[in-house]
Each structure stands twice: as C-alpha cells, then as structure tokens.
Amino acid sequence: MMAKTGAVLRLRRQTRLKLSGTTHGKIRGKVDPRSESPLIGKLHQSDNVLELRAIAAAQGLSEKLFRELVDLVFAAQSPKGAAAQRVAHDPLPGRERLPRANKATLAFQRFRIAAVIGNLRLSGGGEARPLTVAERAQVMAFLDTTTDQPAWADVAELLGVPRRSLAGTATAAADGEPMATRPPVNATHQILRETKVKEVRDWWAQADEPSREALVQALSNAGDLGEGSPAEVAAAELIESLDETALGKLDSLHLPSGRAAYSVESLRDLTERILETEEDLHQARQSLFGVANDWRPPAEAIGEPVGNPAVDRVTKIVARWLQAVEREWGAPLSVNIEHTRDAFSSESSAREAVRENEARHKQRRDMMEELRSELRIEGEVWDSDVRRFQAIQRQNGQCLYCGQPIDFRTAEMDHIVPRARAGSSNRRVNLAAVCIPCNQAKGSDSFAVWTASCERPGVSLAEAVERVEHFVVEADMRGRQRAKFLKEVKDRLCQTEADDSINGRDLESVAWMANQLHLRIAAHFANSDTAVRVYRGSITAEARWASKLEGRIEMIGGGGKTRLDRRHHAVDAAVIALLRPSVTTTLVERQSLREFQRLREFQRLRESRLRASQCLTKPDETWKTFHGSNPDNTFYYEQWLGNMNRLTNLLNHALKEDLIPVMENLRLRLGSSAAHDDTIRPLDKRRVGDAIPAAVVDRASSPALWCALTRSEQYSPTDGLPADPARSIRVGGRRLGPEDEIGFFDTGAAALAVRGGYAEIGNTVHHARVYAVDTGKKVFFGMIRVFHVDLAAHRQEDLFAVDLPPQSISLRTAEPRVRAAIQAGQARYLGWLVEGDELLLDMTSQTSGQVAQFLEAYPGAVRSGQVRWRVAGFKTASKLRLRPRQLAAEGLPDDAGVDVRKVLDQPGWLPAVDVALRQCGATVVRRDALGRSRSQSSAHLPVSWSVR
C-alpha cells in the first residue's frame, strides 16, 4: 500500500494536515493548530491517500478514524530511524539529558579532526611543542574542506616543516576512531558536496550550517527531523522536491555510521576549545567539564544498537555468545576477532560480493593464461608476474627511475620505499617496474635518498614524478581514485625515510565496527585480565598457510579447507583463537618477505649472487625459513606451530564426528519488509449468480467475500456454488446482486488483493505448522503455511499459537486434505518450522532422483545415514525447500553435476512434507548460543523436537 520512496521523511510540528481526495488526485491541506500529529512530507502522496480514502469509504469509516489511519500509515519509520529513538545520552557533567550525536553530523566530523590536531606535536631543536592556535586553524581549514584523502606529508607541507618533524600522527583518534594513520577529513561534507543528485549538491553548496546539519539528521536517522525549525523545514522542502530516482540515489549514500560519545553541543564546545587554545582533548574535557584526570566516556554494551540493522544483528549475536561463554566458563583469557570487508552486509549484498570476488578471480586467471600464452612463460604464473606485467603497462614500458625502455623479460620490481626491518609494503603505490641497472644501483635506499647522489642519466626526482603523470592506470581506476593513486606514488617517490617496521597498525583491522566491537568487549571484561584484539582476515589466511593447516584439514569435498563446507568458518575461528601479537607480527613479516622475494624471483634466477639483503635478517634466509625477526618472536612462533599441529588433529576429529554445528539466528518476529511481490495481476471477475467451483471460492479476493460465499445455503465444500440467477450476498455491509461482479485470484498460490488486481505473497511465510493426520487407515504429515498478512493484527501475541480463521489466506491455500483433517479434528499438531531451521533427516530411504546424486557426490555430508538440512523456504502447500546445512553453493566446483548443483543452489531439494517427516524421520534441531541442542527452556525459547 505504501509507495516506493528512497527516503522517509517525518517532520514533527504542532500541526495536522487535513486531507480530502479530489478527482484530480491532489491533496488539499488546512492547518489545525490544536493538533499534534506529524506533518507528512514526501510520503503523503496523493495516490496512497486516495486509496486509503476508498478503503475507508467502502468500510464506512468515519472521517476522524480515516485521518488517524492516514497518520499511522505515514508515520512508518525504517529500522534505522527506529533504532535512533533508543540512543544513549551524553555522559559529560551537565549534558546528561542530551542524546549522543550521530557520527555523520558535521559537528562530529569537525570534532574528530580537532581531536587529532590537538595531539599533533612539532619537534626540532628542542622539545616537541603542540600546534599554535594559528597552526591549528590552518590545518582545520585544510582537512575540513579538502576533497581528497591527504597524507600526513601534506599536513607537514602545509605547516612548512619536514614530515619527520610532525609527531603524534599515530595516536588513537577521538571517540574510539581507528588509529590516525592518515589525517581525518570531513567525510560527510565530501560525500554530500559530490553526490550525484544535482539538486542536493547545489543545495548543499548554498545552505547554511544549521540547514546542512538538518539534512544530515534526516538522512542518517531515516527522516526524523525534530521540531520544525527553519533549518529543518529547509531540509524537508529539499527532500520533498526530489523525484523517486533522486530519492533512491540519496538514500543509497553511505554517510559515516555509529554514534559519538557526546552530544552535538558537547562536540562543538570541545572542538572550539581545542582550536582556540593549545589544549588536547583530554585537557579540553577537564577545562570545560571539570572531569577527573582518569575520566573516560563509558563504553557501550556489546549489543547496544548503532542504528544499522545488519550491524545490530551482528552485535546482538556477539553479545549473546560472549555472555553465554562467561556464564559457562567465566571471563575468557583472550578474545580475538577477525574482521572481513563484508562481515556486516545483508544477504543480498553478501551474494553480490561473492559474485564480484569470483569475477575478479576469473579476470586474474584469464590474465595469467594470457601471460603464459603470449610471453611463453614456462611453469606456474604467479601473482607477482601479473603485478610486474601490469606495472610495465602502467608505466608505458619505461623504467620509472630513469625512463629507459623495459619489457617483461628485462624488467624487475622494486620497492620505492623499503621498510626499516623485515618485510616491505607491497601495495601498488610502493612498487615500480625498473631496469636492472637502476635496481642494482639503488639497493636498499629509498628512491628520494638514492637519487640525491645518483649520477645515472635520467634519474632525478622531478623526472620520475613527471613520468607518474603519464601513467596509464588500470580500467577500474577513474576520477578521484586515479588522482589519489598517482598522488600516493608521487609521495612514495619523495619520501626519504624508510617505512616503520611492522607493528600493531599493520595487524589490526581499522574498520569502524571492528574497532567498536573491540572497545565494547574490552569494556565488558574491564575487571578481568581478558585481552581483546581485532585482526584483518588476511592474517587468518596467512596463519592457515604458514602452519600447513590449509591442506591438512579434512572437510566435505576434500582438498583441504574449502568454502564448500560452511564449517570453514569454525576452522578460521579456531585459528584466530591461537593468535598472539608476536605471532601475527611474524606472519605479516613472512607475507611481506614472500611477496618481495617473488617480485625479485626473475632477478635471482638470472643472477644467483644477488640477494634481497635489505629485507632479510640473515643473508641466506628465505620467507619459508623465516620464523621471526628476534629470538622472542622466533620462540613464540615455533611454539605456535606446534599448537597449530595439535589444533589440526582436534579439528579433523571434530569434523569427522559432526561436533561442529552450523548455526543461524531464527527470525521469529514479524518482519517489516515487502508485503507482496511487485507484479500486479488482474483479478478473475465473475458474477454473483454464476456457478463458482469450490477451488475458485477459496481464491476469493478478500476474507469477507469468502465468508459471504461459503455461508450461502447452496455452498458445498466439494462442489462450490451452483448457478443461481437470483443469488445475492452481503460483503462488508454492501449487498451484491446476481449481476454484480466479484473478484478472485487467478492462481492457486497465496495472494493479496491490491489496487488494480492482486499480488502473490508466497515469499512472506512467517512459519509453517506441522501436523500428523490419522485417517484411520494410515498416518501422513502435512503443514499449514502461516502468512504475515494473517498475523499482522497479532503482533503482541504468541504468533505460533494464534487461531487461524477458516477465511484466512493461510488456511484457504493449505493442502485440502490437511485443512479438512484440521476441521474434522483428525490432525495432531506437532510443532512449527521457520526458514533457517535445522532438520536432521535419515536419508537411507532416498535412493533415487536428484538428492541421491547429491549423496553420492558428497558422502562426507552423511553420518550414520543422516544429513543435516536447512529449511530454505516453503515451496508449495505440501513441499519444503531444503538445502544441505553444512554446504554452501559458492564453493561448488565448476564440474559439479546439474542435479548436485540444483540441490545445493537453486531450487534446492523439494521433498513433500510427508517424505521429509515420515520417510526420513525428521528431528528439528534448535540450539542455544553455544551451539548445543536445546531440549527444554524455562524462558520459552524454541526447543528441539522430533516426529518419531
């Protein structure tokens, strides 16, 4: 019933919009100053209001009730907006009543810049000093308005000092932000100033500060704009002026997420204090609010909502699991978290990420084949070969250092800036394709240091920087991304100091939510000795390879760790649990050494006496034998290797004995997603006096129509209604004669009447109720799919026990024999199923068809004749949609059979309910937070049950 819009706008004012439909589809409004209902903006669209008015007229609703209905419909909020209403308050003294600010606000964006500026120190000729007020204003103006992501070298250049004189750049940023490895910028200002929505871009350029903040508030809180100030009205008018396309683009903007520790008012005061004095954030807090020297803002609870539904689900799961661990075993010794780029994505986004990842891998494989074919490379083509080939193309076939022609056979790869100790940065911006003489002459120096004394023709800093300007970058880099890449290469060329040795910033994830989890979990275990760390996913992969666990794990499908077997997540979790800082440092150093040595492989083969001595701790050491850059790291690394060997044996035992559950949260509440499919189909129109079969009666377009037809004395449950030229019925207070038309769904699928026809609702099943039916001759199993539309009025009740009237869509679309058995009292209720439920089925009776082909292809999925399945949906009134619980279609090999692919992917295995429950003796497994099967619960949580 709601129109599709890209943003939800709700502006609270002391007004009411009185609505009346017109023949032209417009809305006339009059202000009633006595009322306090929402003034609806973009969502009060005329077609929706007219539809509501038609419904109200058909049902005889009063004007007052109609207006209340309109207000309720258009006051709907997204989950983002709903979460915003549960925001905690400012912990600073005197500000406790103020809500904490969203991190998208301009106030927070400027505060985070100011907090980092307050930490900066300038050294030279004596003690390091803080920036002066004038210097702070200069840096703030630059970082607040820049359209790029500058480096600290840019800030040093702005201040007119050498980069090495600028200290304090690696201290933690404000309010739990990641380490400030790069200067913070006003991300919100950058995003909205450059949005593709021209109207918003132009508006933003002219708007004053309060209006800008009002727009940010509307976008980040799903449209809750407060009390209707002039700034809020200006933001509301902008959104209301946008068409659907522009609204969609606007709603897809990714503004900074999360909540600051303080209110907008406190953020502004702290920012002003830092910029007008030489105080840092700690000192400014003391000066303004008189807090103690050791005062810190309280950390949020682990499961505290942040306003992003996907993130909130993850934090809730983490909180529930850690609390269960603590109850069972006490505070853990350590909590290690792995963060992957798409960890908090929706299911559809995750699938898209998988597709993009597979496309990238295919592109890389194709390029390797092209290299092998065109350049006649013998043996394996490495990623390093691809990098060298790409670098040569990017540099127009020129040595970056001297400009001489190079090709794949004569080029070598060099790190523009080396690292102080083992390893080196292998990012594209630090890699250059160079000629052999330049590479030999440069040695282990930074390019800027070497070129200052080098006498080779063509070698100069200015000429190298000029060559970068003419780079032909890869097709996936355009516009700002290209400019940023070129600038970073130039910065590397100009850098005189070696990179710092590998440290915590190279190991830990700097993703916002990973850092938030770190802070929250550390605060939760503040009174224990629990160590909390967050690592990047690439470190976990390196740990698997370095310990040789990768190839020795025995998973379904064979061949070591595979994404086919979902339990690979448990393998990674076990690997992560054994990590410690010294081991991760060694792993990153090994990874860096491996990349470096592979880049230099061609050179070592050509000239065996040349060694990459600047990145090795011993002259004859390779990445394979590297176990640490100091004795302590070597000791802990070798101890870790032994532990990983034992872990491999334990994991293989657990995998073989089916001791690792695959879990997911069950969605038991009513959802707030689409109520029906998008396609609108015409109703099957018939006259009241026509003959109407029973099957057609069950497809009546409304429960009221179904009741009117089935209550007729002429109605037969088997034959329906005979033709009767005198028949009349009463529907919703209206009497319909024999010639009046009535509508039916032109499908046996579950459907819902909408304006213009009907739409199917088969994808909105909330749960299925399972019954055993005793006919006297045999017992069979069936189910009733319970649709969201039949539960909407029962949100506050037990949804699994709500009585379903005969006219409900759920019963009308049920399998006839199951519905008849329920009405006759022959059906025994067994329990319910929801999507995501785990079914343990005995598969010994399934010896043919697609599922038999799957069992033959993957016997490792079978244990004692049983297979674990996931309820992936309810295909029809009598069929389930099941997929193997432990397997993922994304890991299917290319040569998988068609039948196997169908079972794992689309459409899944589609057994009749009777087959799954009676022939396969189903057990429905419900688990607690620690993965144990739950057989009973005093808290009324879902419990396992069996049909045996």
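A salt bridge is taken here as a side-chain nitrogen of Lys or Arg within 4 Å of a carboxyl oxygen of Asp or Glu. The structure is a predicted model, in which local features need pLDDT of at least 70 and side-chain atom pairs count only at pLDDT 80 or more, whereas totals for chains, interfaces and linings use all residues. Residues are numbered from 1 along each chain as its sequence is written, and side-chain values use heavy atoms, with hydrogens and water left out.

The chain contains 35 helices and 23 strands, assigned as DSSP runs numbered from the N terminus (helices: H or I, at least four residues; strands: E, at least two). Of its 948 residues, 48% are buried, where buried denotes under 20% relative accessible area, exposed over 50%, and partly exposed the range in between (1.4 Å probe, protein chains only). The accessible surface of the chain amounts to about 46200 Å², and carbon and sulfur atoms account for 50% of this area; accessible areas were computed by the Shrake-Rupley method with a 1.4 Å probe, and for residues only the protein chains shown count as cover. Among contacts (heavy atoms within 4.5 Å) between residues at least 6 apart in sequence, 68% join residues at least 24 apart.

Strand pairing was assigned where DSSP finds at least two bridges between two strands. Three strands form an open, antiparallel sheet in the order S4-S3-S5. Strands S4 (129–130) and S5 (166–167) are the edge strands, each pairing on one side only. Strand S3 (residues 121–122) pairs with S5 over two bridges in the antiparallel sense, and Leu122 stands opposite Leu166 of S5. A further antiparallel pair, joined over four bridges, consists of strand S14 (residues 751–754) and strand S15 (residues 757–760). Here Val754 stands opposite Gly757 in S15. The hairpin of S14 and S15 has two residues between the strands, and Gly756 adopts a positive phi near 95°.

A search of the whole structure identified 35 salt bridges. One of these links Glu135 to Arg129, with the closest N and O atoms 3.0 Å apart. Glu135 is buried, at a relative accessible area of 15%, while Arg129 is partly exposed at 33% relative accessibility.

Arg927 lies in the loop between S22 and S23 and Glu838 in strand S19 (residues 838–842), so the pair ties together parts that are 89 residues apart in sequence. Glu838 is buried, at 2% relative accessibility. Salt bridges with shared partners join Asp658, Glu838, Arg868 and Arg927 into one network.

Arg934 lies in the loop between strand S22 (923–925) and strand S23 (945–946). Arg934 is buried yet has no salt bridge, and the nearest side chain of opposite charge, that of Asp928, is 5.9 Å away; for this assignment Lys and Arg count as positive and Asp and Glu as negative, with His and the chain ends not counted. The side chain of Arg934 instead places a polar atom 2.6 Å from the backbone oxygen of Pro942, and a polar atom of this side chain lies 3.3 Å from the backbone oxygen of Arg927. When residues up to four places away in sequence are not counted, Arg934 touches Arg926, Arg927, Asp928, Leu941, Pro942, Val943 and Ser944.

In helix H23 (residues 537–546), the buried residues are Ile539, Thr540, Glu542, Ala543, Arg544 and Ala546. Thr245 is found in helix H11 (residues 244–251) and is exposed, with a relative accessible area of 55%. The C-alpha atoms of Thr245 and Val197 are separated by 9.2 Å, the two residues being 48 residues apart along the chain.

Note on methods. Polar contact = N/O pair within 3.5 Å; in protein donor to acceptor, adjacent residues only side chain to side chain.
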